[in-house]
Amino acid sequence: MILDTTEHAAKTPDTPLPWAELGLKPDEYERVVEILGRRPTGAELAMYSVMWSEHCSYKSSKVHLRQFGEKAPASDTMLVGIGENAGVVDVGQGYAVTFKIESHNHPSYIEPYQGAATGVGGIVRDILAMGARPVAVMDPLRFGAADHPDTRRVLPGVVAGIGGYGNCLGLPNIGGEVVFDPCYQGNPLVNALCVGVMRHEDIHLAKASGTGNKVILYGARTGGDGIGGVSVLASETFDSTGPAKRPAVQVGDPFQEKLLIECTLEVFAEKLVVGIQDLGGAGLSCATSELASAGSGGMRVELDTVPLRDSSLSPEEILMSESQERMCAIVEPGHVDRFMEICEKWDVIATVIGEVTDGERLEIYWHGEQIVDVPPRTVAHEGPVYQRPYARPDWQDALQADDPSKLARPAGGDELRAAVLALVSSPNQASKAWITGQYDRYVLGNTVLAQPEDSGMIRIDEETNLGVAVATDGNGRFAKLDPYTGAQLALAEAFRNVAATGARPLAVSDCLNFGSPEDPAVMWQFAEATRGLADGCLALGTPVTGGNVSLYNQTGDTAIHPTPVVAVLGVIDDVTRRTPIAFAEQGQLVYLLGETRDEFGGSAWAQVAHDHLGGLPPAVDLEREKLLAEILISGSRDGMIDAAHDLSDGGLVQALAESCLRGGNGARIVVPDGVDAFTLLFSESAGRAVVAVPRSEELRFTDMCGARGLPATRIGVVDGDALDVQGEFTLPLTELLAAHEATLPAIIA
Amino acid sequence: MTARIGVVTFPGSLDDRDALRAVRLAGAEPVALWHREKDLQQVDGVVLPGGFSYGDYLRCGAISRFSPIMEMIIEGAKEGLPVLGICNGFQILCESHLLPGALTRNDHLHFICRDQKLRVENNSTAWTSSYEKGQEITVPLKNGEGGYIADERTLDMLEAEGRVVARYLELNPNGSRRDIAGVSNAAGNVVGLMPHPEHAVEPLTGPTTEGLGFFTSILKQLVNV
C-alpha cells in the first residue's frame, strides 16, 4: 500500500479519486483542485468531502441563516453569538449561560439507542467547550404514527439511549417534547439540548493561536466508529485488504464523557487552555481545521501519535472518525505538564498531537510524511454556498383552502365530554410519564421545575436563588400549513412557556428539521420558516444564539412536515417565585388570559377527531405575546398567581386537564354567556394562558391586566375532584387520569 | 464542634455534590473525599453517593470496591465508623461485603425515576434515629439496577434481626425481595439505601424534605457521643 502523500499527489495528477462516492459534486471537486493547485491526497479529499457536506458546511441553509444575524434584535445580554460551539448569554450576577439545540435524526433511525445517546453526548461537549459546566439536558422528539410497528422499535431505543447516556452522565433531563405523526415514520427527529453555566471570565473559544502552543487531544481513544462514507476511501481505493465495513453510527460511553467533563472543568479552572474544541461530526478533520482557521497561525499535526482503539485504521479514517468523548485543546508549552497531571487524575488519556505554527497552513503528517497541506479556512469556513432554487409548492393553496370549518363539531355535553377524553388520551396529548420517568431529573440538586411543567427550571446560585428556564416547542402541522407563521408559533409558544413559569425570555436556539434542500418546495418551506423565525425574534427582542439545521429528512419524495423546533432561554431572579402548572389550592380563581378565536387549522382536535390537516394555523400577534409574558412574569414575581399554564396543543381544555391532574384538584368552569363551549375549550388561538389567582389577589391582578390592556376572563374556580364544565359535562379526575396515563404504556408494551 | 461527614467521589459518581449539600443542610461539616486517597481526613462518618462509578462496568460497584479509599472505609466500618451507601453506594457496600445481598437489574428492565414512598422500619441505626419507627416518608428513587436480592435464609435473618431499614410502600419500583429499600449491618453503623434521601432536603428541589433525617440522625448520634 502506497501512502498518498502530498508529494505523491503532486506527481500523480491522474490518479482517479472517489470524490463522487464521498458526496462531492463535480464543481466542488474542481474547486478543491483549484485551491490546492494539484489533486488532493486521500486524506485531504476525506477532509474536504466531510467538511463540505451539508451537515458540516450548511451550504444550502447559510444564505437563509444569515437573517438571524442581520435581523438580530439589539441585546445587551449576548456575550458570544452565532458561529461558536454555542451562544452565550449574560444572566446577571456575573453568570453567563450557554445553551444549544442540535439534531441527531438520521443516526437515531438507523440505531435508536446509540444514535440518541451520542446526540446527548455531542451537545453536552459543545456546551462544555464554551467553558461551561453542563447543568441540564432536554430532548424534543418526533416519531412516526404511535401505532406503527416501527415506532415500537425506534421509540424505546431512543428513550433508553437518552436515559442511558444522560443518567450516567449525571445531567438532569428537565423537559422536551414527544410528538407522533406519520410524516416522521422513516425520519424520526431526535433533537437534544444542553444548558451550561459559567462565570463571564470563564468563556472559552475554539481557536488555535500562539506559535509553539501545543495541540492536545484528550479523552477516548480513536476507533473506527462513525466513519460513514469515508470508508469508501479506505477500503476500496487504498487498501482493499483492510477491514471494510465500519459502523456509521457512533457508540457512546457516558462514563468517559463524565470524566471528560470533570477533567475539562478542572483544566479551565486553572486557566490552562488557550482554545478548545470538541470532536463531533467530522472528528479530527473538523476540530483541527476549525481551530486553525479561527486562530492566527497554522497548525502541524502528527497523526500517527493519535491513540487508537484499532491499530489497523488508515490515516483517512483517523481523520474522519467520529469516535465520541474526545476534545482538542490548545495549551501553552509551560502548562502542558499540569494539563497532563489533571488528565491523569481523572484517568483521561491525553496526547500532544501537534502544535500551532506561524504559517498559514494546516499540515498533517503520518510517520513523518506529509499527507495534508491545506489552507484551513478553505476546509472549515469557506466551503461552498448554494442559492438553492425555491418555490411555493403547488399544493399549498389547496391545503390552505381545506378549511376545518367544514368538520363536524361535537354538540352538547355528552359529545364534548367524549371529545375531551379522546383528546387527552390521544398519543400527542397523553401523559409522557412513561418516557420521562426513565430520565433522572433530580441529579445535581438544582432542578426547580421539570416536565410536565411549561419549562424546565434550574437554580444556578444557591445563595441568591438566581435561575434559568428553558422551553422547547415546535408544531410541524402548523408549519406545514404556513411555514412562516408556523415558525413564529413555535417561537411564541416557547417564549410563552418560559414566561408562564415566571422567567424573562432572553435568547433563542433553534433546530431546523426539514426535507431535502434539492426540492424547491422544501427549500421554500425552509426559507419561509427562517424568515418567520428571524422576524419573530426581532419582534420579541430575543436573538438567535446558535442552533442546527437538519436537512434530507425525507423518504423518497416525501418530506417530513417542516419542523422548526425553537428553544427559548429565560432568566428568573428568584427561583422560589417560580410558577408551576398545578392547581394546588381549592378556592383559587381560574382566569383565561388572551382572546379565543375560532381557530382550528392544524389543531389537535382536527387531528384526533378527523385526522385532518388543512386551513391556516392560528394567527400570531407577537406584541400580544410580549404583553402576556409581562403579565405572567409580574404576576409570578408579585405573588398574584399561584399557577399558570400556556395554551397550545389541545387548547384550554387540555391545559385545564393538565393543571387539575398535576395539582390533584378539580375545577368548576363556567362558559361565559354568548361563548361557544366547543370553541372556548378546543380552539388553539395563540397568545393565551390559564392562571390560578388567590382570591386575595384578584383585584390587584385584574387591575394589572386591565391597565395594560390584556383581556382576562374569569372562567371558574379550583374546586372539587372533577373537571366540571357547568351545564355541559363533568369528568372525575380519576377518569381523566386513567385516560391520560394509559395511552403511552399501551402503545409501547 | 460539629461532626465531619465525608462524601467519596469515585470516577463516575454523580450525586456527590448533592450528598455534600445534604450534609451541610443537616448542620454537619461536609468533607470531599477522593477515591485514590488512603486518607479519611478524620471524618466521623462517610457517605458513598449515587452515580455510575466506573460506568457500572463489570457489575455496579464491583470496581469501586477495590479503590484505595475503600480499604480504609472497610476497615473503619468494621470498627464502627458510620457509613451510608446511597444507590451506587449501596451497590459498593454489597460488593465490599459490608452488607449482605446484591442489587440486580430492575424487574421491568427500565431505569426508573419517581417520588417513592417508604416506611422506615428501623430507627435504631446510625443513620435513621431522627425518624419514628414506622414513619412513612417520600424521597426520590432513581435506578436501573435496584432490585435487592439475597437468599431466603439471609432475608429471614435480616427480618429477624431488624436489619431491614426501609421498605417500599404502595409500589415496588424494581422487584426488590420483600420490598426492601435499605438494609444495615448487624451493628447498625453501615446502612445501604437504594432511594435518594439527599434529593429530598429542600422544599425547592425535592418532593419533600423528608430525606434530611438520614443526615440529622448521624449528626445527632455523633454529637451525643
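Which residues of chain A does UniProt list for "binding site" in an entry with A:Asp126? The unreviewed entry gives A:Asp126 and A:Asp278.

## Ground rules

Welcome to a predicted model, in which local features need pLDDT of at least 70, side-chain atom pairs count only at pLDDT 80 or more, and totals for chains, interfaces and linings use all residues. Residues are numbered from 1 along each chain as its sequence is written, chains are lettered from A and ligands numbered from 1 in the order in which they are written, and side-chain values use heavy atoms, with hydrogens and water left out.

## The aspartate pair

UniProt positions are in the numbering used here, feature names are shortened, and annotations may be inferred rather than shown by experiment.

A:Asp126 sits in helix α7 (residues 112-129) of chain A, while A:Asp278 belongs to strand β8 (residues 275-278) of chain A. Helices (H or I, at least four residues) and strands (E, at least two) are DSSP runs, numbered from the N terminus. A:Asp126 has 6% relative accessibility and counts as buried; A:Asp278 is also buried, at 6%. Here buried means under 20% relative accessible area, exposed over 50%, and partly exposed in between, with a 1.4 Å probe and protein chains only. Setting aside neighbours within four places in sequence, A:Asp126 is in contact (heavy atoms within 4.5 Å) with A:Asn85, A:Lys100, A:Glu102 and A:Asp278.

A:Ser103 is part of strand β3 (residues 95-103) of chain A and, with 8% relative accessibility, counts as buried. Beyond residues up to four places away in sequence, A:Ser103 touches A:Val190, A:Asn191, A:Cys511, A:Asn513, A:Asn548 and A:Ser550. With A:Asn548 there is a side-chain polar contact of 2.7 Å. A polar contact is a pair of N or O atoms within 3.5 Å; within protein, one must be able to donate a hydrogen and the other to accept it, and residues adjacent in sequence count only if both atoms are side-chain atoms.

A:Glu322 is found in the loop between α12 (315-320) and β10 (326-331) of chain A. A relative accessible area of 16% makes A:Glu322 buried. Apart from neighbours within four places in sequence, A:Glu322 is in contact with A:Asp225, A:Gly226, A:Gln250, A:Gly280, A:Gly281, A:Ala282 and A:Gly283.

## The six-stranded sheet

Chain A holds an open sheet of six strands in the order β1-β2-β3-β6-β4-β5, with mixed pairing. Strands β1 (78-80) and β5 (173-180) of chain A stand at the edges with a single partner strand each, so one side of each is left without a neighbour in the sheet. From one strand to the next the twist averages 25°. Two strands pair if DSSP finds at least two bridges between them. Strands β4 (residues 133-143) and β6 (residues 189-199) of chain A run antiparallel and are joined by seven bridges; A:Val137 has A:Cys194 in β6(A) as its bridge partner.

Helix α8 (residues 149-169) of chain A lies across β4, β5 and β6 of chain A, at about 175° to β4(A). Axes are lines fitted to C-alpha atoms, for helices over the stretch in contact, and angles run from 0 to 180 degrees between N-to-C directions. On the edge strand β5 of chain A is A:Asn173, which counts as buried at 3% relative accessibility. The side chain of A:Asn173 makes a polar contact of 3.0 Å with the side chain of A:Asp139.

## A helix pair

Helices α16 (residues 412-424) and α26 (residues 733-748) of chain A pack at about 40°, with their axes 8 Å apart. They are therefore oblique to each other: angles under 35 degrees count as roughly parallel, over 145 as roughly antiparallel, 65 to 115 as roughly perpendicular and the rest as oblique. The contact is made by A:Arg417, A:Val420, A:Leu421 and A:Val424 of α16(A) and A:Glu735, A:Leu736, A:Ala739 and A:His740 of α26(A).
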